[in-house]
Amino acid sequence: MSTAQPTPQQRIRFQLAWNRLLSVVEEQAQVLIRSAFGTATREAGDLSAGVFLPDGRMIAQAVTGTPGHVNAMAESVKHFLKVFPPETLKDGDVLLTNDPWKGTGHLFDMTMVSPVFHDGALVALFASTLHVIDIGGIGSSADGLEVYHEGLFLPILRFFHQHQVDPGVLAIIRANVREPEQVEGDLYALVACNDIGGRRLKSLLTEFQLGDLESLGGYIIEQSARAMRQAIAQWPQGTWHNTLVIDGYDAPITLQASVTVRDGKILVDFDGTSPSVARGINVVKAYTDAYTSFGIRCLIGADVPNNAGSLSLVEVAAPEGSILNARFPAAVTARHIIGQLLPDAVFGALRQARPDQVPAEGASSLWNLHLVGGEPLAGATQDEQRALLAGPRFNAVSFSTGGTGARPGKDGLSVTSYPSGVRNVSLEILESANPLVFEQKEYRADSGGPGTVRGGLGQTIVVRHADPQAAMMIAAAFDRVVHPARGALGGHAGAGGALGLVGGASLRAKGRQLVPAGERLVVHTPGGGGLGDPARRDAARVERDVRYGLVSAEQAGSAYQHTGT
């Protein structure tokens, strides 16, 4: 990296080019959304897009996307370059993998990297990621014992050879997934978004008379690192610890975090965390790094561009073989359950340094309803199997959420996807594409943890198969049922989640289970924790919550000691 300081004129040109570069990667992401086949990308925005220097350092990312994809992808490009060094790449090549340990954490995420050549020289790499609807195996379930159960594993390979798709690779993919048209369409969407990014970049280089991205990229990365060091310097120096206990698959899991702020860097160590388990809730190190660094960046350097410069100052350690650094071939399909709780883990430590700037714990992990019909279920009776196979085959994912923790001076956000950032999929879209009927979707009263500022609310969802003679399955992958989001500074915990049937039966929070014909699935997503003593909450705000149906009169009296109407 060059240490020469640019002139004022160069800085102005770099700023203009930087703004254009941000528009390039955002257009890259929007092309992916508009051309993707799967609802996860098209409707929920479960994706990432970014541009990298030829050595694999990320310069810029699209605002559209999820931290798990973006921050994990920031490292995955380096793995691509180890397999395909820059000198082996040709114009029109496209590389592909869904290796959880070299991509973004599980087999459902396809990561694609495309080299960009300008005047005959490699000047950049565009990378993008999305979640495909199916990858074979047992489907989207935490029931797998190892990654071999979870579907098709693609090592880093060439998907396109100089603008021509590899027919063998495509045939293998199509033969191993339940929805070949959707998956193939999503792969071509990745190709298209990287291609448009490369075309826009070459126009930028021509317009700004740049032979390559080295000077601009180096300047952006260096400035971002400097700004991040300045943000770190504003925090107290020291080490703080936090323990977070979560539900796990069939036994509780302990996440032990220590956060050290020292010498312009932040070190997060998960020593003491529970070991990996023989179920699909394990987390690969790249995904641990992604959500840990995102949690840190929400509090420290939130306005600093997210790239190789700012990310390099957050170092994450997790013992190999722990549930946050699972060894191959651990099962990892539902790695989001634990990975998306990592911001809460680091928040608990940093709250000790700055209690006035850190929110309470939230529902955090997504409560995605993965509903499947037209497939058999192990353990079902013959009558149940007939009901499962009676309806049309479908594979639907409804992105559902709980509430965030209360924020300093503000209530938590209700039914908001934090930290993932994905959008809820509209019920009209889900019902038009699948034989489903959503009968109820509303705020869950009293689910937000009481506090001076209240935790965000979860939601109640009731859904059934459109055919009363047909059964369906839910692949549950939920947490915060037994161990709800904790309050802080005197605030109370949010409500835990729950899963069951309207008929009264309870369902497990994890695993593939039957929703019998004629039954309705009822889901209560968790609420966020409260912040501060509830007795100090403004009476007018309590009255408003009761009037809006967010808090019951009973909770207003018991938790908030408020007897007004």
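This report describes the domains, sheets, selected residues and backbone features of a predicted model.

Local features require pLDDT of at least 70 and side-chain atom pairs count only at pLDDT 80 or more, while totals for chains, interfaces and linings use all residues. Residues are numbered from 1 along each chain as its sequence is written, and side-chain values use heavy atoms, with hydrogens and water left out.

## Domains

The protein chain is divided into domain 1 (8–224) and domain 2 (359–564); the bounds come from an automatic or database domain assignment. The centres of the two domains, taken over C-alpha atoms, are separated by 33 Å. In the interface, 18 residues of domain 1 are in contact with 16 residues of domain 2, where contact means heavy atoms within 4.5 Å. Domain 1 and domain 2 bury about 1500 Å² between them, 53% of it on carbon and sulfur atoms. Buried area is the accessible area (1.4 Å probe) that two parts lose on being put together, summed over both.

Helices (H or I, at least four residues) and strands (E, at least two) are DSSP runs, numbered from the N terminus. Two strands pair if DSSP finds at least two bridges between them. Strands of a sheet pair through backbone hydrogen bonds, either parallel or antiparallel.

Seven strands make up an open sheet with antiparallel pairing, in the order β2-β1-β5-β4-β3-β6-β7. Strands β2 and β7 (164–165) stand at the edges with a single partner strand each, so one side of each is left without a neighbour in the sheet. Helix α5 (residues 180–207) packs on this sheet and touches β3, β4, β5 (121–131), β6 (157–161) and β7. The direction of α5 makes about 30° with that of β4; axes are lines fitted to C-alpha atoms, for helices over the stretch in contact, and angles run from 0 to 180 degrees between N-to-C directions.

Phenylalanine 52 has methionine 58 of β2 as its bridge partner. These two strands form a hairpin with five residues between them, and glycine 56 in the turn has a positive phi of about 95°. Three bridges also connect the antiparallel strands β3 (residues 94–97) and β4 (residues 109–118), with threonine 97 partnered by threonine 111 in β4.

## The four-stranded sheet

A further open sheet has four strands in the order β13-β12-β16-β18, again with antiparallel pairing. Its edge strands are β13 and β18 (510–515), each of which pairs on one side only. Neighbouring strands of this sheet are turned by 20° against each other on average, direction ignored. Strand β16 (residues 472–477) runs antiparallel to β18 and is joined to β18 by six bridges; methionine 472 stands opposite valine 515 in β18.

## Two residues and their surroundings

Asparagine 395 lies in strand β13 (residues 394–398). The residue is buried, with a relative accessible area of 11%. On this scale, buried means under 20% relative accessible area, exposed over 50%, and partly exposed in between (1.4 Å probe, protein chains only). The side chain of asparagine 395 makes a polar contact of 2.5 Å with the side chain of histidine 370. A polar contact is a pair of N or O atoms within 3.5 Å; within protein, one must be able to donate a hydrogen and the other to accept it, and residues adjacent in sequence count only if both atoms are side-chain atoms. Not counting residues up to four places away in sequence, asparagine 395 touches residues including Ile133, Asp134, Glu179 and Asn434.

Alanine 390, found in helix α11 (residues 382–390), is partly exposed, with a relative accessible area of 48%. Leaving aside neighbours within four places in sequence, alanine 390 is in contact with Gln469 and Ala470. The C-alpha atoms of alanine 390 and tryptophan 367, which are 23 residues apart along the chain, are separated by 27 Å.

## Backbone features in loops

Two cis peptide bonds and two positive phi values in residues other than glycine are listed below.

| Feature | Value | Loop |
|---|---|---|
| Cis peptide bond, phenylalanine 328 to proline 329 | omega near 5° | Proline 329: between β11 (314–317) and α9 (336–339) |
| Cis peptide bond, tyrosine 418 and proline 419 | omega about 10° | Proline 419: between β13 and α12 (427–433) |
| Positive phi, glutamine 162 | phi near 45° | Glutamine 162: between β6 and β7 |
| Positive phi, valine 415 | phi near 35° | Valine 415: between β13 and α12 |
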